[in-house]
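Here are a few notes to read alongside the model.

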Amino acid sequence: GPLEVLRGLATRGGGPTMLRCAYQLAEHLKPMFLGLHPDTPIVSTHCLVGLAAVACGFKRVYNLVIDNHAQWFVVVPGALNLVQGPGNYAALLKMGVPEKELLLTGHWVPYSLLASLEADCRARIDRARSGK
């Protein structure tokens, strides 16, 4: 909706100010974590979840960096930020993200895509050979 459009326009620049804004928004998510033990590992697929977990004192927070374009608002300070590509990893280091908070993991792919990989590839090859 319109709020998502405004959020998209605001985050396009992705500077440090946007990271501060994301952190302030994540403060509203903190109640979700208050009933969990702080040693619980948290895997965040969005920086807001990771920011809230770090703000609640969780020490095992893993943030899946959602983009291959280095921007401040996709990083979670205090978490291990898992980065998909070497270019993004290098760019985040250049921006000043501490190396101990980054890990180059390669691309992650949903299991549902991998489960039928061989059959899907075979079908594509057959279609190409048959001219379809």
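Which residues does Phe-33 touch, not counting residues up to four places away in sequence?

1. Phe-33 touches Ile-42, Val-49, Ala-52, Ala-53, Cys-56 and Phe-58, where contact means heavy atoms within 4.5 Å.

2. A word on the basis: this is a predicted model, in which local features need pLDDT of at least 70, side-chain atom pairs count only at pLDDT 80 or more, and totals for chains, interfaces and linings use all residues. Residues are numbered from 1 along each chain as its sequence is written, and side-chain values use heavy atoms, with hydrogens and water left out.

3. The largest nonpolar core has 12 residues, including Phe-33, Ile-42, Ala-52 and Phe-58. Such a core is a set of buried Ala, Val, Leu, Ile, Met, Phe, Trp, Tyr and Cys residues joined through side-chain atoms within 4.5 Å; buried means under 20% relative accessible area with a 1.4 Å probe, protein chains only. Helix α3 (residues 47–55) supplies the largest share of this core, 5 residues. Apart from it lies another core, of 11 residues, among them Ala-70, Val-74, Tyr-89 and Leu-102.

4. Now the strands (DSSP E runs of at least two residues; helices are H or I runs of at least four). Strand β3 (residues 80–83) pairs in the parallel sense with β2 (residues 61–64) over 3 bridges, and Leu-80 is the bridge partner of Tyr-62. With β4 (residues 102–104), β3 also pairs in the parallel sense over 3 bridges, and here Asn-81 stands opposite Leu-102. Pairing requires at least two DSSP bridges between two strands.

Key
Buried means under 20% relative accessible area, exposed over 50%, partly exposed in between (1.4 Å probe, protein chains only).
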